[in-house]
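Visitor: Hi, I'm new to this one. Can you walk me through it?
Guide: Happy to. Here it is.
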Amino acid sequence: MLMQTNRHTENSRDGLSGPVWFSLILLVSWLVLPLIPLAIWSVSRSWYFPDIIPSAFSLRAWNYVFSNTSDVLPALGVTTLIALCATLLSVIIGLPAGRALGLYQFRGKALVELLILAPTIVPGIAVALGLHVVFLSLGLAGSYLGVLIVHLIPTLPYMVLVMAGVFANYNPDTEAQARSLGASAIQTFFYVTLPAILPGLLIGSLFTFLVSWSQYILTLLIGGGRVVTLPLLLFNFASAGRNDITGAISMIYILPGVVLLLLGARHLTGRSRAVESLRQI
Amino acid sequence: MLERWKIPLLLSPALLLIAGLFLGGLFLGLIGSLGYMPLLGREELNLDAYRNILFSTGFYQSFLLTFYISLMSTIIASALAIGAALILRRHFIGRSVINFLFQLNLTVPHLVGAVGILYLFSQSGFFARLAFEFRLISGPSDFPAMIYDPLAIGIILQYVWKEVPFIGMILLANMQTFGHDYEAVSRTLGANRWQSFRFVLLPLLSPGLLAAALIVFAFTFGAYEIPALLGQSYPAALPVLAYQSFTDVDLNARPEALAMAMIIALLSAVMIFGYARLARRYMRS
């Protein structure tokens, strides 16, 4: 019996066997592999079949991306601005709701949770096709405001779920103590509540930013081609076969996500809620 | 008195917005699919759009294709994710580096992955060039079609690529909460490694795994940009067909587009129902 237990501990503590290492390396390479041709294309001048590596390198694509005549920089600005506004609105509207869900038990809570969970699972196209007519008659279709509003469908529920998780581990008693010592409601929020929830709020906001940053079909449908964000531009260049520019845009487009992962990787590990919500990116 | 109104006050801005946009969008889609188009002067409700699509072979082909893509992607991604999680929970040298690389594409948007798959697997892509280099093929057209192909291999490869880390991370988080104790007990009771996995760990993991699989299935069933970039034009995946009908110059196609959107919504509603039931059972245990 003792021997069995020892063998088990050996398995979990010591290194991996050869075949296991091999399959692990294979899997991880496969996960990284699709990003590599994009990076290489962005600095290629000519890369025709059957060349394994490009026959000539150049920074042509990058020069184009950063030139005044390209659509990339305006699209980058639009994407960033919409994502920032969607995040800010989601914080303002979602934080109180997250607090209610994280701190209190009340009748109908399961239903409320279901309503907030549903938009994170129902595909955007199913909702946006119906909204289109109303946005059209309100003059919101094809406008930045319309795209911003429709981005709230995935971002707001995400923020509420994240903040509900943060508030579930939060003790509101300190607020009562601050109030009894004479702090106003606003002072209590800024000096007691905010510092306590700040780490979760920041990580949640960064991921909310990324949720808006990744939207494609909502922007396409409601923006009607007039609101051009990075993914729309990326799709167009990819279907037009401009691989070098597609590669360069891809590198810019994945940058916030990679930076965020470097910053927040340890916050992700071991938190299934946080990972589950990532589904929207 | 104030206490009583506190929770509704905290909740109402978010709930109003989500209900207005999300439920509103679904409701408008539903009445639109029933032929209600006041802008065109049509105010009567009928089932014509549903009748039209249910009697067209194009819709069935698209539905079956999409169902097949979602099912294959979910099953393959789940199987690989279980394997990956079983390895990644162990302690080994270089684990943190491998862990980082494993999570890398969690924050990479789907579209970027789709373009990457395109450049790897198209008939003039990286693998075709590799095959040519090793004299396996004599030209791009000899390379098996994996992009714009009837079997949608490129699309499935993209979904698997993106979802393995997602499901894998959820499984890893679950495994951390269970710890090794249950398996260790089963091993001391004489179970071999396979039995301990099959009869102890897998049943423990299955609610989390199923929940993750349901989310993945619903997502892959309604995603537009990946099949739009990597898929064949006929039959197209259902979201692509819905978008094409919606933007058709013939406005009569709009109710049909909305009917397809409702079918996508219905399928994801089934997934949410399953997910909510699993989540509740999972909370209790």
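Visitor: Which residues of α5(B) and α7(B) meet?
Guide: On the α5(B) side they are B:His110, B:Gly113, B:Ala114, B:Ile117 and B:Phe121. Their partners in α7(B) are B:Gly154, B:Leu157, B:Gln158, B:Trp161 and B:Lys162. Keep in mind that this is a predicted model.
Visitor: What classes of residue are in the contact of α5(B) with α7(B)?
Guide: Five are nonpolar, four polar and one charged.
Visitor: At what angle do the two helices pack?
Guide: Helix α5 (residues 110–121) of chain B and helix α7 (residues 153–178) of chain B pack at about 130°. Their axes are 9 Å apart. The angle makes α5(B) oblique to α7(B).
Visitor: Is that crossing left-handed or right-handed?
Guide: The crossing of α5(B) and α7(B) is right-handed.
Visitor: New topic. How many residues of chain A are in contact with chain B?
Guide: 85 residues of chain A, and they touch 88 residues of chain B.
Visitor: Which helix of chain A gives the most?
Guide: Helix α13 (residues 243–268) of chain A, with eleven residues.
Visitor: And by class, what is on that side of chain A?
Guide: There are 64 nonpolar, 15 polar and six charged residues on the side that touches chain B.
Visitor: Where does UniProt put "transmembrane region" in chain A?
Guide: The unreviewed UniProt entry gives that annotation to several spans, including residues 72–98 and 216–238.
Visitor: How far apart are the ends of residues 72–98?
Guide: The end C-alpha atoms of that chain A span lie 36 Å apart, and the span is 100% helix.
Visitor: What about residues 216–238 of chain A?
Guide: There the end C-alpha atoms lie 14 Å apart. That span is 70% helix and 0% strand.

Technical notes
Residues are numbered from 1 along each chain as its sequence is written. Chains are lettered from A and ligands numbered from 1 in the order in which they are written. This is a predicted model: local features need pLDDT of at least 70, side-chain atom pairs count only at pLDDT 80 or more; totals for chains, interfaces and linings use all residues. Axes are lines fitted to C-alpha atoms, for helices over the stretch in contact, and angles run from 0 to 180 degrees between N-to-C directions. Helices (H or I, at least four residues) and strands (E, at least two) are DSSP runs, numbered from the N terminus. Angles under 35 degrees count as roughly parallel, over 145 as roughly antiparallel, 65 to 115 as roughly perpendicular and the rest as oblique. A crossing is left-handed if the near helix is turned anticlockwise from the far one by less than a right angle, and right-handed if clockwise. Two residues are in contact if their C-beta atoms, placed from the backbone, lie within 7 Å. Ala, Val, Leu, Ile, Met, Phe, Trp, Tyr, Cys and Pro count as nonpolar, Asp, Glu, Lys and Arg as charged, and the others, Gly among them, as polar. UniProt positions are given in the numbering used here, feature names are shortened, and annotations may be inferred rather than shown by experiment.
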